[in-house]
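User: I have a model open and want to go through its local geometry. Can we take it one element at a time?

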Amino acid sequence: MDERAPLWAALLDHVRVGAFALDAQGRVVVWTSEAERLTARTSSEVLGVDGVVVGIAPPDEAAERETTADAQAGATWSGTLPSTSEHGRPLAYRCHPVHAEGRLLGVVGILSDESGSPDTDETHALLDGLFENAPVGFTYVDADLRYRRVNATVASINGGTVEERIGRTIDEVHGEPCGPRFSTVCREVLRTGRAQRVRIEGRLWHGRGPHQVWRMNYYPVFGAGGEVVGVGDVFVDVTEAETTGRELSELAAARLRTVTRYRSLIEATSAEVWTVTADGDPVPDPDAPAADRPAFLTRVHPHDREDTERRWRDALDTGSVFDGVARLAVGGGGHRHFRIRAVPVVVAGRTIEWVGTETDIDAEVRARTRLELLARATEAVNRELEPLSELRALVDVLVPTFADGCTVHLLDPLVTGGPVTGRRLTSRVDVEVPGASAEPFTYADDHPFAELVRTRRPLLLHHPLDDSARWARDTALADWERRLGWHTSLLTPIRSGEAVIAALTFVAWGDRPRFTDEDLTFVSELAARASVAIEHAQRFQETRRAALTLQKAMLSELPPRRDVEIQARYQPALDTLEVGGDWYDAFTLPGGDLGLVVGDVVGHDLDAATVMGQLRSMFRGIAMDDSMEPARAVERLDELAVALGITDFASLLYARLRRRPDGGAILTWSSAGHPAPLLVHPAHGPRSLLEGAGMVLGVTSRGPARSQGRATVEPGSTLLFYTDGLVEQRCRDLDETTSRLEAVASELLDTPLATFCDELLARSESDTSDDIALLAVRLPAALPADPPVQPGRSGQTQHRPPEVVGSGAVRSPS
């Protein structure tokens, strides 16, 4: 220091301040009498001594280099100095670098007795913890507008690093266009000593950064003598809030409220904020009633409490930041969604307190929930193929997530000037309520349902209604309203074309938020989608009934035989509207043999059905030539199909069964790309007959000669012919699914043949949504005696046509 140092030392001695000073080389050049008293070290012992010896400077080279760099940048540092005085208490010191013309002259410092302020470190740690962890930007510049303190949030909001700012002026860091604006406001605060709240927008980093908008809160920082020594700034980035509308504007307001809370805590060091101890207990307050949990936990909705408490305990155990969303009780009753964030305050590696904030995000959560429900409800409705099932699926999705209860009313066609009539289809509530029956109803012209049907627009009702008699005419609804205390309800129409065919009633009670106009818009969109799905389902059912009728007409009647038992089944595809291309056929050949055919034309439309009809008719004519073996008959059909251009891809299996005098039979067959027939012997079990396989029909008429298989069928055996829809699965090998079919067929061998066929369909695990045709033949254990023939018009025994049974399967009786 210069020759005036003794004068300054004398002045400090007079005011009884424990002060000291180090020169640029780190030697003690000032040591006041108060410093002597506090440390029990005289000035003669200390002056000229290196600060390391005294205990003020860092003892190792690495720490000394770091401290020197901080001093060059203008940063202060502090520490604890063991005392050699009688009381033996440690002393706190804080050092400040002194610069002149950009050069470090030395360091001045103050000593203080820590016993007089036991919370000093804790208070500083609390401030530092809040400064570094706050979700808002904090900066401090000195009188020369040089950055002295910057928290990490500033870098996350505005880019760059903290190090790029410390020691540099605002204009040096940011330049045009924003740097001069920041500087102007700071100079005004330095001049007037009054805080300034401003909105600034532009690009940082000399115009290279993105366009941003900030809400800035500048306030003066006063020195010990009352002079303004710098400017603090608390700010948030509100770019997104100003460009995305009202909902995000509300979020920005919540952030500003958070800024105000943090700023108040910084200025007062003991603000009324959400704080708990390191163990999560409320901070003791003599003026507040005792509590056994943090304030926010006492306000958590019961449905959210278990999960929130669990995550809060995890945060306490790990010392990590708590960040979650829960419904909290609010003034005036009810609950709203809040984002809750709690930050640990750490001193010397130990959490001493937690500071928390709460942000209202109810509007955002409800909007997101409505979108998710709309997607789920649309998916649930589209999965069903029957209108009433669609409405039930819709109700299951929405209760209790969107509403506490929902009732579906099916409406009769409206008679002009007459009442609204119908019946309740289903009711779903989050609690048990009597009276949710499907009884008929009649509503007069002034009832809300009548208005709904007339206008075809949804209604938002606030309860209790002005004219409660309108509800009272519906005993069940009036009972619900009274028992549960409805506060709002929504009525929305379900339409088919221009007619209202149903109405949905959503109700809310208790602490559920009241329905709003946004909810009314949501149920309008929901009803529109449900209406479209129901129209599609109605058309599907009509088309499906027509398709089944057509398919039934195109399938063959089974021939009357006493020497064998025959059963057939056809099951249409579950997810398609049109008829399919699978078919079966059975007929008695002129020589008495039994002809058996199963085929599959590619496709599930009327074209496939047309090709199927053509192939069936052509093959019947070909097969009636007794001299033509199965292989030659299939070959001839293939030649005609190619020549006439009937199909380019179809599979077929043709078999002839010839009875033997001993009660058995000989089966010969030929396959054109079709699944092999299955023979189930009562003693030897099941076996797929793999011989006689060949190419599918329609590919070429010049392929290799077709082969045929031959097998002996013992009395009591069962033959099964089927299309691939019975066994195909997307994620399983065909050999595996065929083996399972063999096992099931063997298990069912002793059941009646009709039961055998029904159970095969019921136990099928096929997931390809394909139609299925199967034909089963069983040889009796012994040949029956021939009864007298009762001729019909064709000279054959009379028999019944196929009938539709069960889930749409066509059953052909023997």
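User: What distance separates the end C-alpha atoms of helix α22 (residues 630–644)?

Analyst: This is a predicted model, so local features need pLDDT of at least 70, side-chain atom pairs count only at pLDDT 80 or more, and totals for chains, interfaces and linings use all residues. Residues are numbered from 1 along each chain as its sequence is written, and side-chain values use heavy atoms, with hydrogens and water left out. Helices (H or I, at least four residues) and strands (E, at least two) are DSSP runs, numbered from the N terminus. The expected span is 1.5 Å times one less than the number of residues; for the 15 residues of α22 that gives 21 Å, and the end C-alpha atoms agree, being apart by 21 Å.

User: Within what arc do the buried residues of α22 fall?

Analyst: Buried means under 20% relative accessible area, exposed over 50%, partly exposed in between (1.4 Å probe, protein chains only). The buried residues of α22 are P630, A631, A633, V634, L637, D638 and A641. The arc is taken from the directions from the helix axis to the C-beta atoms. Down the axis of α22, the buried residues line one face of the helix, because they fall within an arc of 165°.

User: Which residue with a positive phi follows α22, and which follows helix α17 (residues 448–455)?

Analyst: After α22 comes G645, with phi near 65°. In α17, the buried residues are P448, F449, A450, L452 and V453. Phi is also positive, near 60°, in the residue after α17, which is R456.

User: In strand β9 (residues 211–222), what is the bridge partner of R203?

Analyst: β8 and β9 run antiparallel, joined by eight bridges. In β9, R203 has as its bridge partner H211.

User: In the hairpin of β12 and β13, which residue takes a positive phi near 90°?

Analyst: β12 pairs with strand β13 (residues 335–347) in the antiparallel sense over eight bridges. F322 has its bridge partner in β13, A342. The hairpin has five residues between the strands, and the one with the positive phi is G332.

User: Is T737 buried or exposed?

Analyst: T737 lies in helix α23 (residues 734–747). Contact means heavy atoms within 4.5 Å. Not counting residues up to four places away in sequence, T737 touches V727, Q729 and R732. Its relative accessible area is 5%, so T737 is buried.

User: At roughly what angle do the axes of α23 and helix α24 (residues 753–763) cross?

Analyst: Axes are lines fitted to C-alpha atoms, for helices over the stretch in contact, and angles run from 0 to 180 degrees between N-to-C directions. R740, L741, V744, A745 and E747 in α23 meet F756, L760 and R763 in α24. The axes come within 10 Å and cross at roughly 145°.

Notes. Two strands pair if DSSP finds at least two bridges between them.
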